[in-house]
Amino acid sequence: MTAQPAVDHGQELASPKGHTIGFVDTKEQFKEVTIALHSAGYPDASIIVLHLEDGIEMLTRLQKKFFFGDGEDAIIKFALQELRLGHYGLGIEVKDRASALQVISLTEPLGAHSFSYFGTWVNERLT
């Protein structure tokens, strides 16, 4: 089984803290990436998937709820652009930056791209 895109029911997304966030462009890449994440020990509960209008609505609400600095605002603006193009946004719960880099090395060969890491004290664009 692969993770499924979240359906918007008016719920709010949690803060991205403790996640690495990246994107895939096609449904086939999305399936391959989520299968690889599962094989590496990341269960569905540790993966949030945003796609199309549902994802755009949830991300827009998150943007209004939290105060973000310029860097985070740029990442959210980029994420909204990706979702509007029909791409998939993936948020993977990670322990630390090293785990985020491990997710990237696992998923980039499968088409994932544009990763950012949201840590406790730092947020950074990794790829």
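This is a predicted model: local features need pLDDT of at least 70, side-chain atom pairs count only at pLDDT 80 or more; totals for chains, interfaces and linings use all residues.

**Exercise 1.** Determine whether Thr 107 counts as buried or exposed, and identify its surroundings.

*Solution.* The relative accessibility of Thr 107 is 1%. Burial requires a value under 20%, and Thr 107 therefore counts as buried. This residue is placed in helix α4. When neighbours within four places in sequence are left aside, Thr 107 is in contact with Val 33, Leu 37, Ala 112 and Phe 115.

**Exercise 2.** Describe how helix α1 and helix α4 pack, and state which residues make the contact.

*Solution.* Two packed helices are described by the angle between their axes and the distance between the axes. For α1 (residues 27–39) and α4 (residues 97–107), the angle is about 130° and the axes are 10 Å apart. An angle of over 145 degrees would be needed for roughly antiparallel, and 65 to 115 would be roughly perpendicular; α1 is therefore oblique to α4. The crossing of the two helices is right-handed. From α1, Val 33, Ala 36 and Leu 37 make the contact, and from α4, Val 103, Leu 106 and Thr 107. By class, five of the contact residues are nonpolar, one is polar and none is charged.

**Exercise 3.** Compare the span of helix α2 with the expected one, and list its buried residues.

*Solution.* Helix α2 (residues 52–65) contains 14 residues. From first C-alpha to last it reaches 20 Å, close to the 20 Å expected at 1.5 Å a residue. Its buried residues are Gly 55, Ile 56, Met 58, Leu 59 and Leu 62. In an α-helix, residues three or four places apart point the same way, because there are 3.6 residues a turn.

Key
Residues are numbered from 1 along each chain as its sequence is written. Side-chain values use heavy atoms; hydrogens and water are left out. Axes are lines fitted to C-alpha atoms, for helices over the stretch in contact, and angles run from 0 to 180 degrees between N-to-C directions. Helices (H or I, at least four residues) and strands (E, at least two) are DSSP runs, numbered from the N terminus. Angles under 35 degrees count as roughly parallel, over 145 as roughly antiparallel, 65 to 115 as roughly perpendicular and the rest as oblique. A crossing is left-handed if the near helix is turned anticlockwise from the far one by less than a right angle, and right-handed if clockwise. Contact means heavy atoms within 4.5 Å. Ala, Val, Leu, Ile, Met, Phe, Trp, Tyr, Cys and Pro count as nonpolar, Asp, Glu, Lys and Arg as charged, and the others, Gly among them, as polar. Buried means under 20% relative accessible area, exposed over 50%, partly exposed in between (1.4 Å probe, protein chains only). The expected span of a helix is 1.5 Å times one less than its number of residues.
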